[in-house]
Amino acid sequence: MSLLLVIFDLVLLAGIIGVAWRCLASTDLFRAVVLFITFGLLLALAWVRLEAPDIALAEAAIGAGITGALLLVTLERLRSIMAERHSGRPHTPPPDPSGPHALLRALHDPPPERHSFFPALIFALVVGSLLVTALWHQPQSTGLEPVVDAHMDVSGVDHPITAVLLNFRAYDTFLELAIVLIALLGAWSLGRHDLIPARPAPGPILPGTLRLLVPVAIVTGVYVLWAGSHAPGGAFQAGAILGAAGILLVLARPRQLPMAPGIPLRLGITAGVALFLLVGLYGLGAGHGFLGYADAWAYPLIILIEVAATLSIALTLVALFVAGRPAGDDA
Amino acid sequence: MDGGWLLLAILFSSLGPGIAIFFLPEHRHRLRITLNLGGAGIKLALVGVLLAGVLRGDEYQFSLPLMPGIDLVLAADALSLLFASLSAVLWFVTTVYAIGYLEGSPRRSRFFGFFSLCVSATVGIALSGNLITFLIFYEMLTLATWPLVVHRGTPAALRAGRLYLGYTLTSGLVLFTAIVWLTLLAGAEGFTPGGYLGDLSETHALSLQVLFVLLMIGFGVKAALFPLHSWLPIAMVAPAPVSALLHAVAVVKAGAFGIIRVVNDVYGAELAIELGLTAGLLVVAAFTIIYGSIQALRADDLKQRLAFSTVSQVSYIILGVALAGPLGIIGGLVHLVHQGITKITLFFCAGNFAETLGIHRISELNGIGRRMPLTMLAFTLGGLGMIGLPPLAGFVTKWHLGLGALEAEAHWVLGVLVLSSLLNAAYFLPPIIRGWLGERREPWHEPLRDHAGPTRFETHWMLLFPVVFTAVLGLAVGLFSGLGLSPLGWVSLIVQRDYSLPEFSL
Amino acid sequence: MIEAPETWLPTAIAGLVGLSLAVAVVATAWPRQAHRIGLFGALAVFAWVLGLSALFVAAGPEAEAAATRVALGGWEAPLGLMLHLDGLSMTLLVLTAIVALATSLYSLGYIHDRIERRQFWPLWLWLWAGLNMLFLSGDAFNLYITLEVVSLSAVALVAFTGTAAAVSGAVRYLLINILGSLSFLMGVVLLFGEHGVLDLVLLEARSEAGPTERMAAVLMTAGLMLKAALFPLHVWLAPAHGSAPAPVSAVLSGLVVTGSFYLLLRLWMGVFAPLATPAFGILIGLLGVAALIWGSAQALRAGRLKSIVAYSTVAQFGYLLVAFPLMLVDPDAWRVVVFFAVVHALAKASVFLAAGTLQHAAGHDRLAELGGVLRARPRTVFALGLAGVSLMGLPFTGGFIAKYLLLEAGLGTILAGSVIGVLWVVAIAGGGLLAAAYVLRMVAPAFHRGPERAGEAVSPWMDWVPLGLATVAALAGFAGTLTLHTLTLTPGAP
Amino acid sequence: MNGLAELAHTLAPGLLYPTGGAILFAMGLYGLIRRHHLVLRILALNIMGSGVFMVLLGVAARGEGPPDPVAQALTLTGIVVAVSATAFALALVVHLTRLTGHAVMLPGPPDDDAPVEDISREEHHADGGPAAPHPDQDRNP
């Protein structure tokens, strides 16, 4: 049995490493992205094998799903930019003198130069082997599992990961929400969004599928959110699933990006951090410490925060997919 | 700590107006003059009060801890008062001169701002109570002078500024390193007459020797000791008041004063002789005296000649210190004052010639005595004083240096003194002779009159008054050197206190 | 009734985190008023930090009494996250507050377009909050997160001008930052795998010179050196810092880089202390000398004002590296290093702000064509010069005191018998000359004879704030005793 | 057979996966150095990140009992941070391509003396960088 598992592990790892290698060696960007999405899905499998279903869910939804969508839409944007530059519109600046194949370079990367091969290889080998050596010398520590286990009864939830994320190490989670928000603020500061995600959808299939998919996604998202308190799931996975639904919606409505009103949108993306912070400050005032809850209030507060966080994450991920800020935000 | 505020007040009497002047708009002409002269006057008065106090034997000290082990110490002893009074008097005069000299020229706020900073730094140097404080003001002086050197903004001025900074900052770093090292060895002591390193002479003799060389390099650049002098003649591109200040009061003197402090109050003459340090310094000083004179002989540009003369004359001070006996030190210290007064006169004269008649070269001086008699008279007094004609100031110096040489049994120094006096004569007499006896064929070219209109005197009164004043002062310090409050009398007091000698007459 | 300061400290620390986060969140949610929120928030955070520092110093004189750990949510380590305030973090918090307040005031004048303001302020407030949290964090993984908060907001601000140079600088900066963070995170993971805890104090107690610590040290040091642009991992710095908006450059060169450096220092004084060997110190010191020379050489040939300043950051951080071998001989020297970093941050920020004013007035910052503006704006040039003097380490400035102490430590190592100490002393002394040379390059054109061109009008904020900050940098010399005293309140440090 | 069982025990997930993670980390590093296209570099960084997470989860699964929930929570946080950074990086890449026409970062020091505009001046308005070359773009129905 264990031998079979070992063989499974080895095959899985070989697959992951092989896919990663092909992805990094690829000269065609589209191919690389597809391989990367495959890589993410294989990773999710590995996480299941490592008894981390929460992470597997997150990896599939966020690592492979959302990242994949972001990568694909980026490629689409690059293609359209290069095509526009090539068609020689009057106000385009002169093409980059560094290469006559500027269009090609947008979506292709020529094989790397020979001279960097050995230095890079040796460097990577040294780093990798040192890492492996260090790891093989480590003891079989149990980590913090017993400590978490001992405190589960006062955490307000039944699922240890949720307890860690939203109670024991709530500060990290708060900052994580903040990072998602900052990434969006950064993307918005670059300018208004373009219309690329809203290219006409190829045929009637997508809208048709959507009618089926979006309700399912919403139900799944809400379930995953609710399940988070006692089973694998939680705000991030739910947010990613809802975000994915949102992205599909954006994709399916050609030339009709919803005119997002500025103020509600801002409130929506900040709801998660704002509520989290309010609860945290209340804890500080009430003597439970910053980001602390009274034991009795832990569960409802955690759920409240999770709901707000899910909403904000979903909204932010969709906004990151659209990339630029909506015109409404400047009004 | 009593009276520490007096020291601070002396410092701020120029620092405050200086900072205020920076923020004055260019056209606030009168306010700027008021600030300038007010600051200079207050400083003069305060130094007078301090002088009286020190004469009474009062102690003045101010100290502010900057860091554990680093204190900013201001203190007033007789020696610091010598330099401080010199700066205060000459600053006042130079301020008047500079106001006249720069009348109507642009960027006067900047100029006078840095001018005041420069003097604050000089007074700070004079009043420093320990090496670290000395270094702080010494470096501040470097920085405050640079904008003055490059004030004209010509490529030549900027080149001179770069050279000046290159030399002074490098030497400043050497000095910095040496002082930190010394502090590590001996602790952050204040200046003590007779030195405070005696305990280390057994254990750290080599370190002390190396340190002395480093310190001399650090101070030698500003004091223009050979071979570290090359910046000085090139810095002549600065406006005349700046040259005057650089040569007579601030920069060069700061270097010389540093050397005096190190030999007298850090090492102490005894230790310096014991370690064989003064002998080397003596040779360098003597060489610089001769070298500077010979270079001065070769220069046709008047300011250039004066610059090389400074190189030579400042080394008299160092020569005196290096003789390391009471009489030699009297000669050196008194020359600090005498050279300052005399040299500033000469530079003012050169500035007047240049400003009034556009004359820069010695070969153009023919007959100038008839056009500008007072200035030429002042120049003559200065020149003769430098040569050392009795009873002018220079004679007093050389006389004591000679005595000091005899006392130290360094007879060859007498030869150096005689030779240099001959050389002095050889480069100062020609301009004097030309000025009085030479014939001018063509009419004078009059740039000052052309742009500022006719003047009542031979030149603008603000240019003339300082020249006359310092010339008379130069004459007076020579003539009345026997009085107690003359520079010589004061220097004798310093040496008596430092060497605990009984009252002695000359 | 006045309670002992210790009892208030934990609340005040958590309150600082809460306040700076609240300011950022409110500005994000209400961008229309972001600049007003930013201004009042900046003043509030500044006041809070000053109050906190007063409480902190009052809680001394024992280091243990003043240094405080706050369990967030009431969960003590190893389960929960601890905030950690000691003399080192307190000093850097105060530094951050000063520079950030100046930058905020400056930005009021610099960012005046309505739409730009809405984008700028939330990001800037997040950056500031991130820095505050970085200095207060006492948990290895939380450090990674705060580093990310700082990097992402900093990158967004670099790209803010939207020009090709700025965006390509930002992309490079972002990739480098992600790489650095990942390297750091891998180190954290290794340490976690070995010891099963993330809290820095617990880690420090358990760490020894084993393979895990070695590899973690390599990874985390390399990652932080990347972020701090320490030689030879610095190539990204100049384009990023040089093309960002002026207030952002000031914060990047003054605070963000210092933040990474702070973390390096903290780790090497704590978790990795068993690994510090003389040979390692000498290696780092040599890197520092190389950085000093390379950065100065680049600053001497760069054609743009802000590039010169950016390269000088590389050079000045060389100093900090040179200090590492000194710390091995004289452990007390670390306080000097921090003081130097503080003074550098103040001076560097004011130089960047002054450069921004000139750039704004002239419309560019090409040194060769800047003469007219330099001549017409003596106040800004004075600020540039004053801060430059501090960078050179000349009196009266804070830089002088810092350099004095560094030199003292360097000469101390020579006297203690270390031959290579001569190199450190020469580097410390000579670096000042190189600094003088490039500062002179920036200031000298103001003294050239030529026409004056005041250029575009600048707001009073942009006119006065650089001068004010430069004055603070110069007067920092007088705060030396206080700073060094505060730094002694760091338990566990030598 | 005994040998095989021993081998299987040695190659427990707690050792195997961290090793795999280390390999991914090194591989990502290699790709980051070798590839020039920014999208590929971002992929390389993501692969490095996945390597870190694999080490973390592998380490968490090393003990006898259930895996360490703290490590898993940290990984979750890490993944979200990674996706945020990636999203922002991609937005920057698109913006860069729009401005310069390429999305390649070549090795070596960049040209830092390139002219820089000053946003604080009146004539420059950041009313949508991408919108500038495409006047029809902020037309939202």
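Strand β2 (residues 70-76) of chain B is largely enclosed by the rest of the structure, because five of its seven residues are buried; buried means that 20 or more other C-beta atoms, placed from the backbone, lie within 10 Å of the residue's own. Helices (H or I, at least four residues) and strands (E, at least two) are DSSP runs numbered from the N terminus. β2(B) runs antiparallel to strand β1 (residues 60-67) of chain B, and seven bridges join them; strands pair if DSSP finds at least two bridges between them. One bridge partner in β2(B) is Ala75(B), which faces Gln61(B) in this pairing. Two residues lie between the strands of the hairpin, where Gly69(B) takes a positive phi near 95°.

This is a predicted model, in which local features need pLDDT of at least 70 and side-chain atom pairs count only at pLDDT 80 or more, while totals for chains, interfaces and linings use all residues. Residues are numbered from 1 along each chain as its sequence is written, and chains are lettered from A and ligands numbered from 1 in the order in which they are written.

Chain A has 12 helices and zero strands. Of its 331 residues, 51% count as buried. Its mean pLDDT (the predictor's confidence in each residue, from 0 to 100) is 83, and 88% of the residues reach 70 or more.

| Element of chain A | Residues | Mean pLDDT |
|---|---|---|
| Helix α4, lowest | 102-107 | 54 |
| Helix α8, highest | 170-189 | 94 |

Over residues 90-104 of chain A the pLDDT is below 50, and this stretch has 18 contacts in the model beyond near neighbours in sequence. Two residues are in contact if their C-beta atoms, placed from the backbone, lie within 7 Å.

Chain D and chain A also meet: 82 residues of chain D and 92 residues of chain A take part in the contact. On the chain D side, α4(D) gives the largest share, 26 residues. Leu57(D) is in contact with residues of both chains, among them Trp47(A), Leu50(A), Tyr17(D) and Ala71(D), leaving aside neighbours within four places in sequence.

Leu57(D) is also among the residues with the most contacts inside the largest nonpolar core, which has 596 residues. Such a core is a set of buried Ala, Val, Leu, Ile, Met, Phe, Trp, Tyr and Cys residues joined through C-beta atoms within 7 Å. Helix α14 (residues 333-362) of chain C gives the most to this core, with 22 residues.

Conventions. Buried ≥ 20, exposed ≤ 12 C-beta atoms within 10 Å, placed from the backbone.
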